[in-house]
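Hello,

Here is the structure we talked about handing over. My notes on it follow below.

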Amino acid sequence: MFSEEFKKYAEEKYNARLPLFGGMNKEITEKIKELSEFERALLMKFLYGTMPLRDAGEYDFSIFLSYVDHALKLRKALPWCRELPEDLFLHYVLYYRINTENISPCRTFFYQHLEERISGKTMEEAILEVNYWCAEQASYAASDERTISPIGVYFSGTGRCGEESTFTVSALRSVGIPARQVYAPWWAHCDDNHAWVETYVDGHWRFLGACEPEEVLNKGWFLGAASRALLINSRTFFDYWTEKSTPPMQKDYIGKEGSIYYYNSTSLYAETCRFHIQVIDQEGILQDNAEIILQVMNMAEYKKLAKLITDKNGCASITIGFGDIRILAYKGGWMGELNCSTKEQDKVCIKLNWNIERDFKNILTHNASNESKYQAIIKAPTESYKNQVSLSKIQQERGRKRRQEAEEKRAKKLINYFDGEKALEFPEEKEILEISKGNFHEILQFLSADSNPDRKAILHSLSKKDYKDVTAETLEAFLNNPFVNKETLSHIGENNYINYILCPRIYNEELTPYPPFIRSYFSEKQLESFRKNPFSVWDYIEKNIEDMAGETYEMIYSTPIGCLKLKKGTYISKKILFAAILRSIGIPARLCQKDMELEIYMEEKQGQPSWKKVNNPAESTALGSLLAEMKSGKKCTLLLSVQDGTKWIYHQTWTIGRFQGIRFETLNYDGISFDNNALSLELEEGIYQIISANRISNGNQHVLIYRFTMEEGTTKKLFLSMFESKTEDLLCSHQLSDFEITAITGSVNYLSDLINNDINHNKKAILAFLEVGQEPTEHVLNEMLSQKELLKALSPEILFILRETEDVDNPALKAVLKEFPNIRVFFDEDFNNRETIARCMYVDPEKLPLLIVAKQGMTGIYGCSGYNVGSINLICKIISLN
């Protein structure tokens, strides 16, 4: 069934990995020897030889074997799977991991639900049918960045785009269809990213929106956004390719990070060029093996698009869209940076002109005063018209009907999970039980076990997503900590006890029952030593837990149990382990979300207990020593002031970052706000960067960047300004065509009457054609809630135009209508007038939502359609400007 070439590859990978398994080596080897069938043993060796190393310490052997057995069954039973090239089968059908999701058995379960639905269909028909099934199980909902398992998405009924696409890829692979997740790491034209699905059909990769079924492939609401992408990529977990696949995969290969291989899909969606980068030193000598980081401005910070390594000629290249990027280059303690436009040039040369250790401060501020400010206009790619697919009226109607049926099935399934009678026993936890969906009985089992008040406290300390997949067994492990007593509680306080001892979550790791494991892993003598000197835990970790450089996926964090079993972990995983060990022995510990530094709550020799930072060992370089000194907790104060009337929203219009290692790392101040145009930040000594970003309607950004130093005991005042757009950059003036719409009461109204007669001279109207239940519309509704104070202050007339009366039952829509009772709702059957009014505003009529700002005289002054994160904030800005 498998080639000699692959057999050799699998054996080599497995044998190279065996020494890294440490104490688990014997267990894994013996279990593979117990497999009598050659193919099962071969594929298990292959998985253990190529998986992110941390997975070996996290999941039982039987889980991986379930993926192997199911894939072998598909290879033998399904013609389209049997005919696949060997490498595509291994990458895109067999492989258990898709991205950063939690891993649990799911393929056989999905296959059982899909087998009859795809019977007798062509491969393309089967793909479309699988996506309709996916829509019956899950739809989009914003959430935190932890990725739950595909089976978790199935039972919770919702997921963000990364989870929906992981779920859909799993469903496709479960029926032998090769599929992969693709990502736009960060958009250039709006503040967000997106993931969807590609599937291999008839020798080509085709695409679809996950849980967003259409009647044909290569169609989705994200096409306009994708046509403006700088980069769209996919990933694999190994580098085995047959001769048939090697040429195209080599052409699309971006590079390797850790154990992950990245491939480029941008040309399928956007206009691109082959962009070449040379790196030279101060003498002009080409530098091989230099690291290059490509960045894009998104959410008011520079986000990484890709990492490249120069070849022996000092060059690296990448296929990329047409827009502005920032490039950083590093080698041997030297660095260089450059801003450029891939639209204006296809080749650049970066000089490594700064020695990071010697010129540590001047490199950042570019002048002797250690302070600088500069501005830039960052241009986003413009939209192209690739992959334009038109549906017939019959296809459009059939698709709408099937999507509506899918949503009804999904809603019915989720309602049936909730047992209202049993939930009555726990009125304070009713919302938690409702959120838990298919995990209802796990939460109920934990709550019902006894009357220990810590049960409720644990649940209320978790995130909403945790309710959807945490097990009762895991939660039980955090009760009855033998190192916590009344005296302990009196010293640390109830809040610290609940959030930093009792709470199972430390960062974005999978939740596991680690406290009893940790207390049994260490001797009583070791535990007592840790309690006497909590800082010694980090010493233990540094000596006993090895780094996994090159062997794992940095975006997946090991659990405390996995770290200890494998004796290996990434830097963040080690920090999670540190906090877990201390919590297990009754000492509050946390990973500070602002700067990702470890903190312990402990008493001073004299005085009250407080949070203390753990100063981790720094690199043994002059720069490392300086960084270590600057991490010593020396405090200083930054007083920020801004102009009255400007809008400062963290991670939308501004951020602050601190220089760490070789680049600025953005601090997490989400939710912080200016009070009377002023804000005080207590910072540590260091070098900082503040970015203010003002995105205009065409997706371009006006950016101001401040760089400055903060020294111990000093107070620095800084006035922040916004690089304001001119009014003419944001506004237009287009005459709108008139049409009839039906009010919720049944009365028929002309749009012109609503705008000209019901809106006073100075007031503006927002017309919103909304496709409820679809992700882009959900984004707009969520933005309205997040911007509610500003919207209410501006008080525009808001008209929601829906397709049909049933749309008013959508939960997200109902939440907005409750918050804004003056919104008027109308209906335009099948959106018959959408195209006409969209073309009046020169925006794409095929994309929803369609948002238009209008004034008296049926004049449209701004319009946008489709996926545009931040559109409500921008509309508020337009209304206030005009």
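Notes on the model

The axes of helix α18 (residues 440-448) and helix α19 (residues 454-461) cross at roughly 145° and come within 9 Å. On the α18 side the contact is made by Ile443, Phe446 and Leu447, and on the α19 side by Arg455, Lys456, Ile458 and Leu459. Of the residues in this contact of α18 with α19, 5 are nonpolar, 2 are charged and none is polar. Please keep in mind that this is a predicted model.

Helix α32 (residues 775-786) has 12 residues, which at 1.5 Å a residue should span 16 Å; the end C-alpha atoms are 16 Å apart, so the two values agree. Because 9 of the 12 residues of α32 are buried, the helix is largely enclosed by the rest of the structure. The buried residues of α32 are Glu775, Pro776, Thr777, Glu778, His779, Val780, Leu781, Glu783 and Met784.

On the aromatic side, the count comes to 58 aromatic pairs. One of them is formed by Phe2 and Phe89, a tilted pair with 6.3 Å centre to centre and 35° between the planes. Phe2 lies in the segment before α1 (4-17) and Phe89 in helix α7 (residues 86-94), so the pair ties together parts that are 87 residues apart in sequence. Both Phe2 and Phe89 are buried.

Arg590 also involves rings: its charged end sits over the ring of Trp611, 3.9 Å from the ring centre. The charged end of Arg590 sits over the ring of Tyr500 as well, 5.3 Å from the centre of that ring.

Regards

Technical notes
Residues are numbered from 1 along each chain as its sequence is written. This is a predicted model: local features need pLDDT of at least 70, side-chain atom pairs count only at pLDDT 80 or more; totals for chains, interfaces and linings use all residues. Side-chain values use heavy atoms; hydrogens and water are left out. Helices (H or I, at least four residues) and strands (E, at least two) are DSSP runs, numbered from the N terminus. The expected span of a helix is 1.5 Å times one less than its number of residues. Buried means under 20% relative accessible area, exposed over 50%, partly exposed in between (1.4 Å probe, protein chains only). Axes are lines fitted to C-alpha atoms, for helices over the stretch in contact, and angles run from 0 to 180 degrees between N-to-C directions. Contact means heavy atoms within 4.5 Å. Ala, Val, Leu, Ile, Met, Phe, Trp, Tyr, Cys and Pro count as nonpolar, Asp, Glu, Lys and Arg as charged, and the others, Gly among them, as polar. Rings of Phe, Tyr and Trp (its six-membered ring) pair if their centres lie within 6.5 Å; planes under 30 degrees apart count as stacked, over 60 as edge-to-face and the rest as tilted. A charge sits over a ring if NZ of Lys or CZ of Arg is within 6 Å of the ring centre and within 35 degrees of the ring normal.
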